[in-house]
Amino acid sequence: MANSAKKAGYKVGIIDAFLDEETVLLSSLSFKATYTHQLGFDIVELEKLIKQEFLNSIVVVGSGFEVNPEQINHISKYASVLSNNTEAINTVKHPKSLEKILNEEFISYPFTTFQQNECDDNKAFLLKEIGAMGGGHVQRKSRLSNQSLANNNFYYQEFIKGNVLSAVFLANRDKATLIGLNQHLKSNQFSDQPFLYEGAISIILKNQKDLDKVNMIINKITKKISLVGLCGVDFIIDESGVIFVIDVNPRPPSTFELHEYKQPLFPAHLACFQGDLIHYLSDNDKYSRGHAIYYAKEDTVIYEEINWPKWVKDRPSSGQTISAKDPICSIFAEGDSETQVENILYKRLEEIELFVKSI
């Protein structure tokens, strides 16, 4: 988001949980914020930063608020915040409220329950955490622990076998316009996190019927929930061709940067809050682009400045300590086909593994 805003000519200030090297370089002000998986941002620290450094600024919200959306209301007291409201976020991030809306709109959604005894023993089920991000929280039902079973923040969802895709779209509370589609990479960095988000590749849906269905889905969800700005939806096309929505992201998804090579999408994101849908054409009909996240296999300290490969982004800053299973960097690739890009990404993941071990 910061890079997109900078390319569009905006003066950028950042509050971020990771604060990588590039973010610092492109920002006029940058601050690292305390963030925990269970509580989100440290709201006392966050409010203090907004009051001291960004009072009366325009604050554009990214990821990190899904676990505690009410924090957006807190910072709205000190700055103009561009974000979906807490009601919309809570609606799409809670499985039962999302299920209710999708059922009303005749959009398929996997069977979801909070009761283990309601899970059909003849079907595969997943355990998911409400409001969590990145897929690292998702486990197969057979691997559940007693502690997980007792936690009301977790729910069961039927596992749908099929092609995992995502859509990036712009919304103005009433209508939506599709920006691009992505194929998710198969996660294989941690055996105990089989659904961790590892990356995605931009694609073109060749089946017009599926494309029309995706357009229908994003427009129905937008109108029903009054979504605004750059948003995303994850879905699965099962073996019989049925599209199941599995997640709605009410904020700019990381995959939007795979689709903004003709022009930055940040101005289009801002325009949505004024009710405008800017016509945007991605050039992914010519090339496929992809990114992959490389996660730390153990606690890693970046002791000095490093000459990273040119295809690496989100580089950690010198002196930074990265905890095991946190992202170290992102890897990018482009090519003439999805298969070519996928092969390059996996090859570069192997290369960066060796590179990090040599640090």
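Predicted model: local features only at pLDDT ≥ 70, side-chain atom pairs only at ≥ 80, totals over all residues.

Colleague: Which way do strands S1 and S2 run, and how many bridges join them?

Modeller: Strand S1 (residues 13–16) and strand S2 (residues 29–32) run parallel, joined by four bridges. To get from S1 to S2, the chain passes through helix H2 (residues 21–26), giving a right-handed β-α-β crossover.

Colleague: How should I read a phi value along the backbone?

Modeller: Start from the general rule: most residues other than glycine have a negative phi. Now look at Leu19, in the loop between S1 and H2. Leu19 is not a glycine, yet its phi is positive, about 55 degrees.

Colleague: Is Leu19 buried or exposed?

Modeller: The cut-off for buried is under 20% relative accessible area. Leu19 has 13% relative accessibility, so it counts as buried.

Colleague: Where does Ser226 lie, and what is its phi?

Modeller: Ser226 sits in the loop between helix H8 (208–225) and S14. Its phi is also positive, about 60 degrees, although Ser226 is not a glycine. Because its relative accessibility is 35%, Ser226 counts as partly exposed.

Colleague: Let's follow the chain into S14. In what sense do S14 and S15 pair?

Modeller: Strand S14 (residues 228–238) pairs with S15 in the antiparallel sense, over six bridges. For a pair to find on screen, take Val233, which stands opposite Val248 in S15. The two strands form a hairpin with four residues between them. In the turn, Gly241 has a positive phi of about 95 degrees.

Colleague: What is the strand order in the open sheet of four strands?

Modeller: The order is S7-S10-S8-S9, and the pairing is antiparallel. Strand S7 (112–113) and strand S9 (139–140) are at the edges. Each of these two has a single partner strand, so one side of each is left without a neighbour in the sheet.

Colleague: Over how many bridges do S8 and S9 pair?

Modeller: Strand S8 (residues 125–129) and S9 pair over two bridges, in the antiparallel sense. To find this pairing on your screen, look for Leu127, which stands opposite Gln139 in S9.

Technical notes:
Residues numbered from 1 in each chain as written. Heavy atoms only, no water. Pairing = 2+ DSSP bridges. Right-handed = clockwise from strand over helix to strand, strands pointing away. Buried < 20%, exposed > 50% of the residue type's maximum accessible area, 1.4 Å probe, protein only.
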